[in-house]
Amino acid sequence: MASVEIIGLRKLYGNVMALSDITLSIPSGAFYTLLGPSGCGKTTLLRTIAGFHAQNAGKIAIDGTSIEDLPAHRRDVAMVFQDYAVFPHLSVRDNVAFGLKQRKVNRTEIENRVKEVLDVVQLGHLADRMPHELSGGQQQRVGLARAIVVRPKVLLMDEPLSNLDAKLRVDLRAELRRIQRDLGITTIYVTHDQEEALAMSDIVCVMHGGIIQQAAPPIDIYLRPANRFVATFVGANNFLVVNRTASGAKLVSGGADVTGLIHDDAPIVCAMRPEDVRVLGPAASPLDGEITISARIREVSFIGREMEIFVETDSGEHIKAVSRPDPAIVGLAENSPVTVAIRPKDLSFFLDSSDGARVS
Amino acid sequence: MTLLAHLRRLEFWTAITWLILMVLGFLLILPILRVLMLGFVDAETGGLTLGNFIEVFTRNYYLNGLKNSLFVALLGTLGACLIGIPLAFFTARFVVSGQAWISTLAILVLVAPPFIGAYAWIMMLGSNGFITNFFAIFGLSTPTIYGAHGIVLVFTLKFFPFIYLMTQTSLNGMNKSFEDAAENLGCTPWQRFTKITLPLVFPAVSTGAIICFVLAIADFGTPAILGRGFRTLSTIAFAAYRSELGGLPTMAVTVSIVMMAMSMLALLLQRRILAKRRYASALTNPPRKKRMRDFRNVAMHFFCHGIVLIAMLPTLVVVYTSFLKTNGPVFIGGFGLESYERILRTAPDAIINSFIFALSAVVLITLFSGLISYVIVRRDTAASGGIDFLMMVPYLVPGVVIAIGYVTTFRGGPLDVIGTAGLLILLYFIRRLPYGVRSTMSSLRQIKPSMEEAAVNLGAAPARAFFIVTVPLILPGLIVGALMGFITAINELSSTLILYDGGTITMPVQIYLAVLDGEFGLAGALSTVLLICTGVCVYAVFRFAENRDSAFL
């Protein structure tokens with residue numbers, strides 16, 4: 001159990017800023033996820049914490065002790081690797097005992113702790129197998145056991161599930177989270193899979209371009225994205241042009257007045273989640289207070305649990321909606337007129353740039 | 001970062017990188033630079049001059065050597081292509097029985113000591129050769145083996161395995177879809193071969209051809225034994241070195257520089273041509289072999305097996321003559337073990353020396369291969385790029401050049417305390433190091449860096465992580481590299497000839513001297529010992545290497 005404090009961490013590759021003054025603080029025992037597209041700096045950040053990259057500037061502290069200048073093998077942060085990195089020439093038992101031997105733990109204790117941790121990851125019966133005899137999921141359990149058996153101050157995980165098939169990924173996800181909670185070990189987890197991040201984390205830290213975009217509990221990340229990048233990257237979103245005039249702000253599509261919803265006078269865009277958008281056929285009518293936009297059907301795809309509706313507004317903007325399947329909508333032909341309805345409280349507004357801040 | 005932090009970060013691999021740079025700087029760059037400088041020194045006055053080069057490019061003696069070297073190297077390379085490419089095409093695209101046999105023989109030809117081929121041909125086609133004598137019974141005269149065409153023949157049969165093995169690997173890795181597409185678009189089989197297949201294997205063929213050319217230019221044993229007045233640059237350089245003994249070997253060096261320049265020009269030319277041709281593609285649709293029918297099938301088998309048998313012939317002849325009954329240098333009919341008795345009596349030094357030198361060099365090669373390949377593959381620094389480049393140098397610099405460099409740099413200097421034996425070991429080490437490094441690098445490239453990172457992350461210091469995790473994983477590569485280093489070190493001739501003294505004679509030198517003395521029985525027995533060592537190593541490489549054919553290239 002240990003807290004992690006990172007202040008002003010900077011990493012350059014040549015002229016490319018891989019990490020741009022990263023400052024964050026992770027409470028003891030938290031499951032902290034770094035989420036972002038590839039190249040956003042999340043893995044660089046994790047590997048810098050592990051000591052595999054030397055930072056150009058900044059501090060990393062665990063429980064108040066600076067570790068940024070310690071060599072990697074003396075940092076006491078255990079890592080689980082994307083490609084498992086289970087030593088192929090050692091048995092499961094010897095793999096798990098590896099870190100304990102480096103720490104010169106006595107033999108009986110090694111034996112006990114290895115047995116104990118193998119039971120935790122449900123591999124007790126495979127202790128004498130060689131890695132090539134194990135499945136990918138089993139190998140990653142070895143990787144996890146090997147990391148937690150040394151009782152590190154912090155556990156680092158670099159996309160540990162991304163090489164596994166979809167079903168196993170979901171099972172192991174729950175198991176990882178359970179083990180992490182039971183041990184109460186501070187965990188920094190890297191993933192590009194937003195569902196994984198939202199499902200597992202206490203705090204999700206969205207990164208882009210070497211910069212932290214937002215660090216918050218999953219529900220806040222989804223419902224109140226701090227900027228346009230987070231709104232785009234986590235979940236889906238429709239962005240509509242807002243027309244600013246001296247008298248106020250109106251949506252270009254449908255013309256609804258949104259002046260009261262925003263508190264900034266720079267160019268902005270309006271965002272709405274597809275699941276908040278209702279598409280109304282000719283027979284349906286909007287609820288009280290809903291903003292409406294008239295549009296035409298472009299495509300409806302029925303994918304089982306839900307349907308995806310793509311419409312084009314009269315002023316030429318595109319909106320995607322996701323809702324429960326409705327035969328009346330699925331049956332609509334292309335170009336059929338429909339009405340798009342949304343509650344004003346489901347609208348978000350951002351400054352009009354790729355990472356424009358939230359202004360509502 | 002503070003200075004203290006920098007010092008704390010000066011860890012194992014940075015220190016190792018410096019160590020490697022120092023070793024290479026001292027044992028490789030320094031002697032070569034010393035030699036290169038000698039080319040610009042006037043032997044009489046010791047002043048700087050371009051006179052040596054002017055002499056080489058104006059005097060007929062040298063110009064002829066230059067012309068001769070180019071002539072035999074180009075024709076030898078061409079010959080190697082002419083038999084290597086069809087052989088590769090047949091074995092890669094058609095069902096050829098005894099394919100493993102063919103590639104094994106080709107590899108044996110490749111690793112057999114080069115000068116053995118030359119003198120074995122003398123025993124077959126020389127003025128008293130048994131083929132010559134056989135035809136003489138019927139009053140027929142056979143073409144003599146001495147001179148340019150003999151050298152070209154030996155080069156062709158000696159070097160074709162490079163072309164064959166490289167082209168075969170390339171053909172086996174080519175997606176069948178390319179050839180299918182060509183056929184689908186209306187190519188006849190011959191058009192398909194010339195317009196698609198051949199251009200696609202061109203990089204491999206040209207790489208093989210460059211190796212042939214460089215080796216042919218640098219080869220000393222073959223023209224020395226078969227030349228008989230036909231001088232190439234390598235024999236001229238050696239003769240110059242011998243006559244300049246005691247003085248500065250400026251002409252020997254100047255001639256060697258010209259040889260190196262030719263090799264490098266050839267390499268640069270090939271790089272330039274290849275730069276625009278990169279045909280890497282995933283092998284999604286591996287080629288399938290067809291069966292050839294009727295007389296064409298017979299002809300193809302005849303060709304494939306015939307080639308490797310003819311190429312193996314010198315080796316067989318050498319082994320055969322080693323068992324002939326001799327009285328001194330004279331064969332007296334029948335079989336006997338006199339030759340072996342004689343090598344045990346007269347040349348035990350050569351055998352023992354060869355093993356001591358080669359084994360000591362291999363220990364160094366193995367140790368440094370591991371460290372150097374790690375620095376090249378895993379460390380992304382300017383220094384590791386430089387080391388990678390330096391690993392090319394021993395391939396390109398003829399043995400004569402490095403040997404003269406060692407003589408001029410270390411003889412009489414502080415390093416001389418290790419004696420000639422020590423110098424020979426260091427020389428073998430530095431010349432054969434690239435074999436070990438290359439083999440270890442290809443092993444290491446298949447090991448994910450996360451292995452070492454995991455070990456370090458779990459608390460092993462970088463040096464420890466290397467020795468307990470990386471080394472066990474790259475062990476096959478290290479072993480193959482050590483074996484290749486041993487094979488090539490124990491067969492080394494040209495630089496040993498320059499360095500050796502009474503107490504440090506080796507088997508190849510003894511064989512060379514015996515051949516010059518006409519002691520073919522003695523030479524045969526010693527060659528057989530060498531061949532057996534080589535053969536055992538080749539077998540071991542087959543056991544440890546993942547791809548047995550490409551391990552030898």
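## A four-stranded sheet in chain A

Chain A contains an open sheet of 4 strands, paired antiparallel in the order 12-11-13-19. The edges are taken by strand 12 (248-251) and strand 19 (348-351) of chain A; each has a single partner strand, so one side of each has no neighbour in the sheet. Averaged over the sheet and with direction ignored, neighbouring strands are turned by 35° against each other. The model described here is predicted.

Strand 13 (residues 268-272) of chain A runs antiparallel to strand 19 of chain A, and 4 bridges join the two. Within strand 19 of chain A, A:F349 is the residue opposite A:C270.

## The segment after strand 19

A:R358 lies in the segment that follows strand 19 of chain A. Is A:R358 buried or exposed? A:R358 is buried, because 20 other C-beta atoms lie within 10 Å, and the cut-off for a buried residue is 20 or more.

With neighbours within four places in sequence left aside, the contacts of A:R358 are A:P225, A:A226, A:N227, A:S348 and A:F350. For A:R358 and A:A61, the separation is 297 residues in sequence and 31 Å in space, C-alpha to C-alpha.

## Chain A as a whole

Chain A has 9 helices and 19 strands. Along the principal axes, its C-alpha atoms fill a box of roughly 75 × 45 × 35 Å.

Of the 360 residues in chain A, 40% count as buried. Among chain A contacts between residues at least 6 apart in sequence, 66% join residues at least 24 apart.

## The contact between chains A and B

The contact involves 21 residues from chain A and 19 residues from chain B. On the side of chain B that touches chain A, the elements giving two or more residues are helix 1 (3-9), helix 21 (449-457) and helix 22 (462-490) of chain B. Helix 21 of chain B supplies the largest share of that side, 6 residues.

Sorted by class, the side of chain B that touches chain A consists of 11 nonpolar, 3 polar and 5 charged residues.

Note on methods
Residues numbered from 1 in each chain as written. Chains lettered and ligands numbered in written order. Predicted model: local features only at pLDDT ≥ 70, side-chain atom pairs only at ≥ 80, totals over all residues. Contact = placed C-beta atoms within 7 Å. Nonpolar A, V, L, I, M, F, W, Y, C, P; charged D, E, K, R; others polar. Pairing = 2+ DSSP bridges. Axes fitted to C-alpha atoms, helices over the stretch in contact; angles between N-to-C directions. Buried ≥ 20, exposed ≤ 12 C-beta atoms within 10 Å, placed from the backbone.
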